[in-house]
Amino acid sequence: MITRKEGWKIALAIPGTEEVLWFRKPAVFLNSQFLTKVHDKEEAMTLRVSSMEMRDMMLEAEPELFYITDHYRNFPFVLARLSALTPKTLKEILVGRAAQLAQNAEKVAARKKRNVKKPAAKKTAKKKRVRKS
């Protein structure tokens, strides 16, 4: 079991994270993307996952740890019960998700780099050779 304060501290200890107001509530972001927050009404951490399929797998695999409310039904988020979380488990989850977000940020940066047109090289005037006959 962890407390809200411990969950917050663990989340902000992930390298590169920052506290951001998200929907007027404090949240932890990494690479300008939501990582987690301590839920304001539930005794849980809100976690964004990579896909709805991943969320459903997590819910099925560990129902004592992960759950959702109706609010999250159509979104790739899960709630992790503070009562079932250990510091080690939360850190592992967040480090894994942080690695995914870092990969996503690299892909976006590479895509942007490919789409940026390089300035055209200046053409130098070629001298005409005159053949002597």
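Which residues have the most contacts inside the largest nonpolar core? Before the answer, a word on what you are looking at. This is a predicted model, so local features are reported at pLDDT of at least 70 and side-chain atom pairs at pLDDT 80 or more, while totals for chains, interfaces and linings use all residues. Residues are numbered from 1 along each chain as its sequence is written, and side-chain values use heavy atoms, leaving out hydrogens and water.

Now the answer. Phe66, Val78, Leu85, Leu90 and Leu94 have the most contacts inside the largest nonpolar core, which has 33 residues. A nonpolar core here is a set of buried Ala, Val, Leu, Ile, Met, Phe, Trp, Tyr and Cys residues joined through side-chain atoms within 4.5 Å. Buried means under 20% relative accessible area, exposed means over 50%, and partly exposed is in between, with a 1.4 Å probe and protein chains only. Two or more residues of this core come from each of α1 (4-12), β2, β3, β4, α2, β5, β6 and α3 (87-115). Those helices (H or I, at least four residues) and strands (E, at least two) are DSSP runs, numbered from the N terminus. As background, in soluble globular proteins nonpolar side chains tend to be buried together.

Take Phe66 from that list. Leaving aside neighbours within four places in sequence, Phe66 is in contact, meaning heavy atoms within 4.5 Å, with residues including Leu47, Met58, Val78 and Ile93.

Next, the sheet. What is the order of its strands? The order is β1-β2-β3-β4-β6-β5, in an open sheet of six strands with antiparallel pairing. Two strands pair if DSSP finds at least two bridges between them. In general, strands of a sheet pair through backbone hydrogen bonds, either parallel or antiparallel. The edge strands are β1 (17-22) and β5 (66-67), and each of these pairs on one side only. Helix α2 (residues 52-61) lies across β5 and β6 (77-81), and runs at about 25° to β6. For that angle, axes are lines fitted to C-alpha atoms, for helices over the stretch in contact, and angles run from 0 to 180 degrees between N-to-C directions.

Now look at β3. Five of its six residues are buried. On one side, three bridges join β3 to β2, and the two strands run antiparallel; Val28 has Thr36 in β3 as its bridge partner. The hairpin of β2 and β3 has two residues between the strands, and in this hairpin Asn31 takes a positive phi near 55°. β3 also pairs with β4, again antiparallel, over three bridges. There, Val38 has Met45 in β4 as its bridge partner. The hairpin from β3 to β4 passes through five residues.

The loop between β3 and β4 holds His39. Is His39 buried or exposed? His39 is buried, because its relative accessibility is 9%. Its side chain reaches the backbone nitrogen of Glu42 at 2.9 Å. Not counting residues up to four places away in sequence, His39 touches Arg4, Ala44, Met45, Thr46, Tyr72 and Leu79.

Ala44 from that list lies in strand β4. Ala44 is buried, with a relative accessible area of 0%. Among the residues in contact with Ala44, leaving aside neighbours within four places in sequence, are Lys37, Tyr67 and Leu82. Ala44 and Ser83 are 39 residues apart in sequence, yet 8.1 Å apart in space, C-alpha to C-alpha.

Last, the charges. How many salt bridges does the structure hold? It holds five, where a salt bridge is a side-chain nitrogen of Lys or Arg within 4 Å of a carboxyl oxygen of Asp or Glu. One of them joins Asp40 and Lys25, at 3.8 Å from N to O. That pair links distant parts of the chain, 15 residues apart: Asp40 is in the loop between β3 (33-38) and β4 (44-48), and Lys25 is in strand β2 (residues 25-30). Asp40 is partly exposed at 39%, and Lys25 is partly exposed at 36%. Asp40 also meets Lys37 in a salt bridge, at 3.9 Å from N to O. Lys37 is buried, with a relative accessible area of 9%.

Another salt bridge joins Asp70 and Arg73, at 2.9 Å from N to O. Asp70 is exposed at 62% relative accessibility, and Arg73 is partly exposed at 42%. As for shared partners, salt bridges join Lys25, Lys37 and Asp40 into one network.

Technical notes
A polar contact is a pair of N or O atoms within 3.5 Å; within protein, one must be able to donate a hydrogen and the other to accept it, and residues adjacent in sequence count only if both atoms are side-chain atoms.
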